Amino acid sequence: MDLTKGNVTKLILRFALPIMLGDLFQQLYISADTAIIGRYAGDSALVAVGSTTFLIRFVIGLFVGISTGASVVLAHCVGARDDERSARTVHTMAALTLIGGVLLSVGGVLGAQGLLCMVDTPQDVLAQATIYLQIYLGGAIFDLIYNVGSGILNAYGNSRRAFFYLMSSSVTNIILDIALIKRIPLGVAGAAIATVASQALAAALVVADMLRTKESYHLYVRNIRLEASLASEILKMGLPAGFQRVIVSLSNVVVQLNVNHYGSAVVGGFSIFNKVDGILMLPCMSLAAAVMSFTGQNFGARKHERIVKGIKVTFWLEMVGWALGSLVCLFFGREILSIFSDDEEILHYGLMTMYYMIPSYWTLGVGNAYVSIIHGMGKSRTASVISILNMCVARQIWIVIANAFGMGLKGILLSYPISWILTLAGAVLYGLYLKKTGGIDEDKHKRADLLCV
């Protein structure tokens, strides 16, 4: 899809919708894991799987972040109509993916139990959590291949294809969940095997697409190699985004560590809300992903006035997505959480977490969109610093303060909305700074105007 021509609102919605639906199916199969485990493997298995959520995001965050940065580099090439450079970039991304995937899978299997012990995973679920995490990370190379491949498709505006591949994977995961947890009682191992198998299918589908396409992202196996100059550019753009994901995920791991101190019921409630959280944020996060690709292509094509229109459209759409999601949780929150567990204590803490998060979700959505726009213009380092300072540093400072003043679980939960508000404020202040100083490169005046619409 060419994002440099046509109606801005329609293009962003057409691009964001497949991303949102794909992520929805992904969240559904994650939720299916949780619901089926809770119903057929017991609450201890539910808590075990839930306790690995932030660790998984932490471990794979660096590599997924690098793929995000690489997608921006590719989007600039696509916008500039540089097919030759696009093709070389794709093959360098493929080489980086294979190297990173092997390191991730081997390191994850060997270090799984150590990571769980580092975050004080409750002893009564440690063994099950270790099994789940080892199997999941052992197949993480498939997750990485799919994420990089879908990022390439998105850079070319082909988010619809990535959606169909992810949908196929999600349906497969749910079928395997039922087979390996309900029919063949493998417990957490069955859930992990189902997830890895479905990720392998998604990876195979996206690779097959790249092998048969006639566009410039066609994958020639013999051409997969690390081209030093392109690898350097990809890492320059991707490493800040990767470190951002890792550090923010580490921040969430620290939050999980504090939550773990309150016992299995609190961990269970916090975990089941995280499944709902993943679905609730889909409109906001898919719009952020769409505006990053939109910005990348138009920045490469030097169509700055279209980026201004894209910013305005995206912000309004973010607010609508937040409002709709909040209403659903307000009226049906308990019923939604009851899908995952019927334990009254777990439901109590799940609802508590929900009510502390919902009012400030709009700041997370709009803040992420603003940061994505900065990424899309090639300012990956600045965007990452804004996120790290607020999502990680400020969040941990608040937790220290909350613990010092004995604010308990409620104080820990407040660390999220506080960090979201600060992230949005940081992005806005950066825009005001650029407007005042005129920017820092040859596109400085245009870039400053874009960030301050």
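Trainee: How many helices and strands does the protein have?

Mentor: The predicted model has 18 helices and zero strands.

Trainee: What does the radius of gyration say about the protein?

Mentor: The value is set against the one a compact globule of equal chain length would have. With 453 residues, that expectation is near 22 Å, and the protein has 21 Å, so the two agree. The C-alpha trace spans about 55 × 50 × 35 Å along the principal axes.

Trainee: Now helix pairs. At what angle do the axes of α2 and α10 cross, and within what distance do they come?

Mentor: A helix pair is described by axis distance, crossing angle and handedness. Helix α2 covers residues 43-50 and helix α10 covers residues 264-280; their axes come within 9 Å and cross at roughly 65°. The crossing is left-handed.

Trainee: Which residues make that contact between α2 and α10?

Mentor: On the α2 side they are L46, V47 and G50. On the α10 side they are S264, V267, G268, S271 and I272. By class, this contact has four nonpolar residues, four polar and no charged.

Trainee: Helix α10 also meets α12. How do their axes lie, and is the crossing left-handed or right-handed?

Mentor: Helix α12 runs over residues 304-337, and its axis comes within 12 Å of that of α10, at a crossing angle of roughly 150°. This crossing is right-handed. From α10, the residues are I272, F273, V276 and L280; from α12, they are G325, S326, C329, I336 and L337. Seven of the residues in this contact are nonpolar, two are polar and none is charged. Note that I272 takes part in the contact with α2 and also in the one with α12.

Trainee: Let us turn to pockets. Which residues line the second largest pocket, and how much space lies in it?

Mentor: A pocket is read from its volume and its lining. Here the volume is about 240 Å³. The lining consists of E233, K236, M237, G378, K379, S380, R381 and T382.

Trainee: Which helices supply at least two residues each to that lining?

Mentor: They are α9, residues 228-260, and α15, residues 380-404.

Trainee: How does the lining divide into nonpolar, polar and charged residues?

Mentor: The lining of the second largest pocket has one nonpolar residue, three polar and four charged. The α10 contacts with α2 and with α12 have no charged residues.

How values were computed. Residues are numbered from 1 along each chain as its sequence is written. This is a predicted model: local features need pLDDT of at least 70, side-chain atom pairs count only at pLDDT 80 or more; totals for chains, interfaces and linings use all residues. Side-chain values use heavy atoms; hydrogens and water are left out. Axes are lines fitted to C-alpha atoms, for helices over the stretch in contact, and angles run from 0 to 180 degrees between N-to-C directions. Helices (H or I, at least four residues) and strands (E, at least two) are DSSP runs, numbered from the N terminus. A crossing is left-handed if the near helix is turned anticlockwise from the far one by less than a right angle, and right-handed if clockwise. Contact means heavy atoms within 4.5 Å. Ala, Val, Leu, Ile, Met, Phe, Trp, Tyr, Cys and Pro count as nonpolar, Asp, Glu, Lys and Arg as charged, and the others, Gly among them, as polar. On a 1 Å grid over the protein atoms alone, a cavity is a set of points where a 1.4 Å probe fits but cannot get out, and a pocket is an open set with protein on both sides within 12 Å along at least five of seven lines; lining residues have an atom within 4 Å of a point. Grid points are joined across faces, edges and corners, and a volume is the space filled by probe spheres set on the points. The radius of gyration is taken over C-alpha atoms; the globule rule is 2.2 Å times the number of residues to the power 0.38.
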